[in-house]
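Here are my notes on this model, as numbered points. Please read them with the structure open.

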Amino acid sequence: MPRVVAITGACSRTAVEAAARFAGRGDRIALLSRTPIAVDELVTALRRSGADAMGVVVDTTDPDAVESAVARIEVELGPVDVWVNTADDPRDRSFRDHEPREFRAITEQLYLGHVHTTMAVLERMRERGRGTIVHVTSAAARRGRAGQSARSGAEAAVRGFHESVTEELRTEGSPVRLALVERGEGDSTATAASAVLRAAAGSSPRELTAAAGLLAAAATGVGMAVRRRRR
């Protein structure tokens with residue numbers, strides 16, 4: 001049965017690949033980004049392939065704007081079944097070269113963007129008693145790298161936030177699922193997109209880990225972490 005799938009960070013390669021794959025299985029797609037051109041181009045491409053898709057230009061660091069975006073998506077496409085956060089900032093920049101304003105902007109985008117979207121969509125999913133939220137980060141969430149101090153800090157915060165909310169859902173006995181996909185350093189875009197689709201489908205941690213270098217998933221509010229064995 002077709003689902004309504006919303007994906008943030010539409011400029012990222014993972015978002016583009018995942019959107020195409022979700023659309024290929026017949027899902028209705030909502031793409032969100034701060035960049036109008038990126039949204040328009042991707043929505044146009046999806047529609048040409050026969051997909052039911054819409055674009056929303058939104059700054060996820062603005063909670064009111066996010067709330068309005070979610071409401072619009074649910075009016076135009078229907079209740080959101082799967083929400084995927086893929087915002088990323090892969091640029092390398094030494095900590096000593098960061099201005100405080102820039103550091104804050106990256107933190108708000110990569111961390112608070114996840115928080116605001118989860119706040120907006122989770123309550124709706126709770127009321128309906130179903131839904132999945134997928135947070136996509138990278139290996140920087142577990143191990144900081146030189147040149148990525150802002151990204152590493154923000155993604156580590158996403159991980160802590162994810163685990164905390166997952167535990168709350170588990171305690172409530174909520175059927176809403178949260179999954180955290182952490183891309184390995186050597187993972188391709190296709191590999192990351194495959195992991196996102198498996199997370200959205202509720203696949204087992206073993207299957208998801210085989211698709212992405214490192215993954216932490218929560219099925220029905222129960223958190224698990226598995227590290228892939230490297231051959």
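1. Start with aspartate 27. Aspartate 27 counts as buried, at 2% relative accessibility. Buried means under 20% relative accessible area, exposed means over 50%, and partly exposed lies in between (1.4 Å probe, protein chains only). Aspartate 27 sits in the loop between α1 and β2. Helices (H or I, at least four residues) and strands (E, at least two) are DSSP runs, numbered from the N terminus. The side chain of aspartate 27 makes a polar contact of 2.6 Å with the side chain of arginine 25. A polar contact is a pair of N or O atoms within 3.5 Å; within protein, one must be able to donate a hydrogen and the other to accept it, and residues adjacent in sequence count only if both atoms are side-chain atoms. Leaving aside neighbours within four places in sequence, aspartate 27 is in contact (heavy atoms within 4.5 Å) with Met1, Pro2, Arg3, Val5, Phe22 and Asp52.

2. A word on the basis. This is a predicted model, where local features need pLDDT of at least 70, side-chain atom pairs count only at pLDDT 80 or more, and totals for chains, interfaces and linings use all residues. Residues are numbered from 1 along each chain as its sequence is written, and side-chain values use heavy atoms, with hydrogens and water left out.

3. Confidence next. pLDDT is the predictor's confidence in each residue, from 0 to 100. The chain has a mean pLDDT of 82, and 80% of its residues reach 70 or more. Residues 204-231 have pLDDT below 50; this stretch has 74 contacts in the model beyond near neighbours in sequence.

4. The largest nonpolar core has 28 residues. Such a core is a set of buried Ala, Val, Leu, Ile, Met, Phe, Trp, Tyr and Cys residues joined through side-chain atoms within 4.5 Å. Ile7, Phe22, Ile29, Leu31, Leu46, Val84 and Val134 have the most contacts inside it. Elements giving two or more residues to this core include β1 (4-8), α1 (13-24), β2 (28-33) and α2 (36-48). Helix α6 gives the largest share of this core, six residues. A second, separate core has 25 residues, including Ile73, Leu77, Ala120 and Leu178.

5. Leucine 31 deserves a look. Not counting residues up to four places away in sequence, leucine 31 touches Ile7, Ala10, Ala19, Val39, Leu42, Val43, Leu46, Met54, Gly55 and Val56.

6. Which residues pair with arginine 159 in salt bridges? One is glutamate 163, with the closest N and O atoms 3.3 Å apart. The other listed here is glutamate 182, at 2.6 Å, N to O. A salt bridge is a side-chain nitrogen of Lys or Arg within 4 Å of a carboxyl oxygen of Asp or Glu. Glutamate 182 lies in strand β6 and arginine 159 in helix α5, so this pair ties together parts that are 23 residues apart in sequence. Both glutamate 182 and arginine 159 are buried; for arginine 159 the relative accessible area is 11%. Arginine 159 and glutamate 163 are four residues apart in helix α5, which means a separation of about one helical turn. Glutamate 163 is partly exposed, at 41% relative accessibility.

7. Other charged pairs. A search of the whole structure finds 14 salt bridges. In one of them, the side chains of arginine 170 and glutamate 167 meet at 2.6 Å, N to O. These two residues are three apart in helix α5, about one helical turn. Both count as partly exposed: arginine 170 at 40% relative accessibility and glutamate 167 at 38%. Salt bridges also link Glu67, Glu74, Arg124 and Arg128 in a network.

8. Aromatics. The structure holds one aromatic pair. The ring centres of tyrosine 111 and phenylalanine 161 are 6.4 Å apart and the planes are at 85 degrees, so the pair is edge-to-face. Rings of Phe, Tyr and Trp (its six-membered ring) pair if their centres lie within 6.5 Å; planes under 30 degrees apart count as stacked, over 60 as edge-to-face and the rest as tilted. Tyrosine 111 is in helix α4 (residues 100-128) and phenylalanine 161 in helix α5, so the pair ties together parts 50 residues apart in sequence. Tyrosine 111 is partly exposed at 23% relative accessibility, whereas phenylalanine 161 is buried at 16%.
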